[in-house]
Amino acid sequence: MQARNTRVATVLRMTAPTPLPPPAPRAGALPPRSVVVTGSARIADGIADRARARGALLVCTDPAAAPDGPALRLVGPPDAPSSAAAVQDFLDEAAKRPPHLRVLVSIDEVAGQWPDAVPQQLTTTQELLLLLVKRLSSAMDGGSVGVVVLDAQVGGMAHPYGALFTGMLRSLAWELPRTRVTALVTDARPTDALTQLAEELGSVPDWPVVYHSGAQRLTEFLVPAPLSAPSEAASTLVDSSSVLLATGGARGITAASLLGLAHRFAPSIWLMGTTPVDGVPDEYADASDEEEARLRPAFISSGLRVRPGASVGELNRRFTALWRARTIVRTLRELRAACGKDRVHYLVCDLGDRQATGRAVDRVFAAEGRVDLLVHAANSSRSAPVATKSLDDYRAVLGAKSDGYLNLQHAFRGRPPGTWCNFGSVGITFGMAGETDYVAANELLAAAARFNSEVLGRREFTVGWGLWEESGFASGLLERERVRRLGLLTGMTDAEGVAAFIDELTLPRSPEAAPMWASPAERDLARQAAPGTASLALPTVSGGGVLLDAPDTSSPGSAQWTYTVDPVRDRHLADHSLDGRPMLAGMTMLALAAEAAGVLLAPGTAVSGFRDLVFSEFVWADPDRPGPTKYRVRAVRFDAGRVRVVIQSDILSPSGRLLREDREHARIDVLTGTRPPAPAAPKEPSDPEGGIRYLDPAHGPSSPLRLSGPFRTLSDISTGPSGARATWLARVGADELFARLPLPVLLLDGLVRTGFFVPADPDKVRIRVLRSIGAVDLYAWGSDHETAALHRGGVHVHCDAATGTCTAAADGKVLARLTDVDAPPYATVPAQTLRRLP
């Protein structure tokens, strides 16, 4: 792939809001006489008194709401005959009020229905918000739109239902540049969530979507997610024996992608589309694009002659349908030429129709008995600002992508495909004016892939495509001009897009569930939409190191440094906290020790491992409030192959008075000399069926150890009698600390945490703290960024139940091994185990 197309991913990191300086106006959670819509009767009852005191207009879309309750009850589709008049009265009343709109929805109350159709109260709430903004669009300047999504965020994952609201607001923020637009996803109670919303609305705008989990405020960052070059012997998810089902007809990037697979692998292909292809004359199927100018008027003239009652408009629409069908016919011809006439099938099906979708999938299973790869690529775009967007258009876009996806989930219940791939959009990182529906639908697909793969254990991923110049929806002249106005000047060619798709299908598959392919212009748009999205460049310390400056004192066999927390370099500390306090990870101390020892080594001598590691006191280190504590790093060479590094501190009072001297935090012996070659990875014992699949508790509020951002590295965690295993993948930017350290700190951290899940227990997980490690043997030196980029399928990590030895391996080689790990329990938290779908 060319450098202009970069594979990226989104991570959530700890950030703090910046309060608006006075006298900037603050909207508040419930401004006087605001309009409040909720999809939950429970929420309506809970905030009714507060809303009444503020003179707010409170509306509830929950069918469970009492007709005589505290909120105006608007249930069902807003344009249904039974509710249209009441909705119109509501909009008329809202137009008389200040332009402050609030929406509160509870995903927790309906999450158990996933992946069934979107609950009606959520759909009604979203459509009412659309109608409200449409009605008030000319008066929204100086107003605010605040959406609260109550979501437990199981496993640290936002629920897909809530993505319909967060995706919508990303685009709405572009359309209302003089209106404060904020979406808050939170696990708080409704009253506390309103307090959080008030804080967000009273802060400098940085991200249109923010997440709160426990005491953490999390926001989105884009990081590179490169795929290493596959080996010569690498296989793919598709070969000539595969059965592939694709939605989205046979046009656009769906056609380009399938043709790429057909010419390379020749699988059996089934396509589902809404456009009938019967009756397309051969003259049209064989015609070039340039001949449309001749054939269209000829078709209309002939129609007027043979059908006296036909209108020009009717005939023009009929020709357009035939011309669209002609593209599909030509694609089907090429697919059959590559795969075989009897191995390519086209089914006319409206994915928005659940029964029709089920019947189409039944036909595939009746003929093939299985589906190896499902590609859900159905797409619809009816770009228009909310001020002019109709409910019908909004529903049509959601119907193709999100409703179609959920109908496919229903059709595949009990017989899932081998792998499920969705085609999404990189637009979910920045939103687009006119695309409140399109971005919402694509955000649901990305969230669904994350949730289903992490929480439900499904083999599913969503590729967020950027602009395809030749076959994408923006390949037409009008759409092309529109995206140019957004600053999207270049994108992928079809050849680049097909190569990227095949790369995504190459084994071993990346653990990343929602990768995106973005051009520089698309990454710039993401930074415009959320200025904090891009990570900051790290400062360079004057001593030439990454963590340590020049030594304070040095002699031929020893040196000492002062380690000071830097708010930019060490911002990762906010993502690693214990009991709410940022703390230096124990494995980061290895990087400090390696850097310190390296200063004492003769040229050409390398750090080769670590022995006798002792961790006696936590290193509390807050990047925002470093405090008076100064840490000393002292390195002493005491024989030819070993350097001892000790990390100490003095405890000072706020006034600077010494309270405790020479408190030891860690003592590490650094081995020097020739680095040993990587041994072959040992064969692990296989556990019987019934092993426990866990979600990592460190990403939820029940754990005293809270990890986010770069420390979210483990997935597919399971434990059986032989031990615990997981897949490791680091998501860090090329300019971050973990891309500049000489050893994979995050990999070693993940290895230690794998031991949390030993012994197997379906009810609880032990959160542990490091006390000592006998030996750390590294066979693959390099940063976490480099390590992740080298291993496309992630790194396999394992903790042996009998010995406690923790091993990281990839591509048949051991990368790291920890032995004699002593990590006593610090706390016990309820286990979150993998959920299962029928």
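**View 1. Arg509 lies over the face of Phe461.** The distance to the ring centre is 3.7 Å. A charge counts as over a ring if NZ of Lys or CZ of Arg is within 6 Å of the ring centre and within 35 degrees of the ring normal. The model is predicted: local features need pLDDT of at least 70, side-chain atom pairs count only at pLDDT 80 or more, and totals for chains, interfaces and linings use all residues. Residues are numbered from 1 along each chain as its sequence is written, and side-chain values use heavy atoms, without hydrogens and water.

**View 2. The charged end of Arg675 sits over the ring of Trp781.** It is 4.1 Å from the ring centre.

**View 3. Phe365 and Phe412 form an edge-to-face aromatic pair.** Their centres are 5.8 Å apart, with 65° between the planes. Rings of Phe, Tyr and Trp (its six-membered ring) pair if their centres lie within 6.5 Å; planes under 30 degrees apart are stacked, over 60 edge-to-face, the rest tilted. Phe365 is in helix α10 (residues 354-368), and Phe412 is in the loop between α11 (391-411) and β14 (419-425). Helices (H or I, at least four residues) and strands (E, at least two) are DSSP runs, numbered from the N terminus. Both Phe residues are buried (under 20% relative accessible area; exposed is over 50%, partly exposed in between; 1.4 Å probe, protein chains only).

**View 4. Tyr405 of helix α11 pairs with Trp420 of strand β14.** Ring centres lie 5.4 Å apart with planes at 65°, so the pair is edge-to-face. Both residues are buried. Trp114, Tyr161, Phe365, Tyr405, Phe412 and Trp420 form one aromatic cluster.
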